[in-house]
Amino acid sequence: MTSLINMAAAECNILNDTLIHEITAMLENNSYVIVYDIDFSKAFDTIRHRELLDKCSRMELPDCIYNWLVGFFRDHSHCTRYAGLVSAFIGISASIIQGSAAGPASYVVTGSDLRPVTNGNSMVKFADDTYLIIPASNSISCVDEINHVEDWASSNNLRMNHAKSMEIVFVPPRSRRAIAIPEPAVPGIPRVESLKALGVTLSRKFSVTQHVDNLLVSCAQSLFALRTLRHHGLPTNALQIVFQATVVSKLSFASPAWWGLTSAADRDRLEAYLRRSATLGFRAFTAPTLSTICSEADDQLFRKITSNSEHVLHHLLPPKRDTHYSLRPRARDYVLTTRNTALHDSNYINRMLFKNIGCL
């Protein structure tokens, strides 16, 4: 269970760190940034095998891998049984299996040719989660970008669901000047005040208070389950193991993506919850604080990013300094960007670069 939680947290970190990095980078030179959370109806169920395999054939895949994919998607059929009657078998020419190892990767291949049509716009994709990012300087391109997404979806046997898609306008959290936000440009897509991306809720002003609220409500329900286990005789040491595997893992889930955006009040509430849990006997008083746990998670992810040039987040790092010395890799080897705003320090990559040279 712990390994599954760690895998899910790693996926969440990749998406949210990239998404937040793109938005904060655009806010350096724009008064606001528009983000569309695009939803495709039954995305995994409607992808045609023919188009998917055609895109796979254009990739640099070994023949044995491509032939395995062809064999994996070929010769599937289904029938319907009702009231003792069985229909004829019909071949399955679309859909990919979500629970399979090839499922999410197949969707990634399908969506690989979906890109913005306007220079300066960006798109962050993770499996069937697609986010279109448009800075204020390109706000006039919103309709063209959404039309392009709908055209791409139609050519790939997908349908964009306007009712479940969302628009959110991010603004600098501490801006003193009034910001003129345009009216929604795309009819049918609702504008929201917060966005939930792979379990992390982020408001339009980069507050994660709502995310903390959701965490505490969910963890309070877990305490009831733990009380029930104790009532049925589960010993204290076993209760603490269960608490660590469920509640603490939930509190620290994908923390590199959101911990830097927490306020002092948010952190105090989370730490108070853990202290109360220790008083109830579900956690040892000597256990590390949530701040320590999240800091260790930050460091662990940053080491993976800096030590592996193939890491998905490695491209977010700034260029390295041109030195003539052969020293161990460290944060000060990178060219540090100018710290213009507090939002700059909340960005994970920037936060870790300055933390590792002792500036934060």
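Visitor: The axes of H3 and helix H5 (residues 102-110) come within 9 Å of each other. Why are H3 and H5 called roughly perpendicular?

Guide: Let's set the angle against the definition. The axes of H3 and H5 cross at roughly 75°. Angles of 65 to 115 degrees count as roughly perpendicular, those under 35 as roughly parallel, those over 145 as roughly antiparallel, and the rest as oblique. H3 and H5 are therefore roughly perpendicular to each other. The axes are lines fitted to C-alpha atoms, for helices over the stretch in contact, and the angle, from 0 to 180 degrees, is taken between N-to-C directions.

Before we go on, this is a predicted model, where local features need pLDDT of at least 70 and side-chain atom pairs count only at pLDDT 80 or more, while totals for chains, interfaces and linings use all residues. Residues are numbered from 1 along each chain as its sequence is written, and side-chain values use heavy atoms, with hydrogens and water left out.

Visitor: Which residues meet where H3 and H5 come together?

Guide: Leu52, Lys55 and Cys56 in H3 meet Ser106, Val109 and Thr110 in H5. Contact here means heavy atoms within 4.5 Å.

Visitor: What makes H3 and H4 roughly antiparallel?

Guide: The axes of helix H3 (residues 49-57) and helix H4 (residues 63-73) cross at roughly 175° and come within 10 Å. That angle falls in the antiparallel class, and H3 and H4 are therefore roughly antiparallel to each other. Here His49, Leu52, Leu53, Cys56 and Ser57 in H3 meet Tyr66, Leu69, Val70 and Phe73 in H4.

Visitor: How many helices and strands does the protein chain have?

Guide: You can find 13 helices and ten strands. Both are DSSP runs numbered from the N terminus: helices (H or I) have at least four residues and strands (E) at least two.

Visitor: How do you know that H11 and H13 are roughly perpendicular?

Guide: Helix H11 (residues 290-307) and helix H13 (residues 348-355) pack at about 95°, with axes 11 Å apart. That angle lies in the perpendicular class, so H11 and H13 are roughly perpendicular to each other. The contact involves Ser295, Asp298, Asp299, Leu301, Phe302 and Ile305 of H11, and Tyr348, Ile349, Arg351, Met352, Leu353 and Lys355 of H13.

Visitor: What makes H13 largely enclosed by the rest of the structure?

Guide: The count of buried residues does, because seven of the eight residues of H13 are buried. They are Tyr348, Ile349, Asn350, Arg351, Met352, Leu353 and Phe354. A residue is buried under 20% relative accessible area, exposed over 50% and partly exposed in between, using a 1.4 Å probe and protein chains only. Over the whole protein chain of 360 residues, 41% count as buried.

Visitor: Is His231 buried or exposed, and why?

Guide: His231 lies in helix H7. Its relative accessibility is 68%, so His231 counts as exposed.

Visitor: Why does Phe282 count as buried?

Guide: Phe282 has 0% relative accessibility, so it counts as buried. Phe282 sits in the loop between H10 and H11. Leaving aside neighbours within four places in sequence, the contacts of Phe282 include Leu223, Leu226, Arg227 and Ser277. Leu226 is 56 residues from Phe282 along the chain, yet their C-alpha atoms are separated by 7.9 Å.

Visitor: What about Ser277: buried or exposed?

Guide: Ser277 is buried, because its relative accessible area is 0%. Ser277 belongs to helix H10 (residues 264-279). Not counting residues up to four places away, Ser277 touches Leu223, Phe243, Phe282 and Arg283.

Visitor: How do you know whether Leu198 and Phe206 are buried or partly exposed?

Guide: Again we use the relative area. Leu198 is at 28%, so Leu198 counts as partly exposed, whereas Phe206, at 4%, is buried. Leu198 lies in the loop between strand E9 (194-197) and strand E10 (200-203). Phe206 is in the loop between E10 and helix H7 (209-231). Leu198 has a positive phi of about 50° although it is not a glycine. Phe206 is not a glycine either, and its phi is positive too, near 65°.
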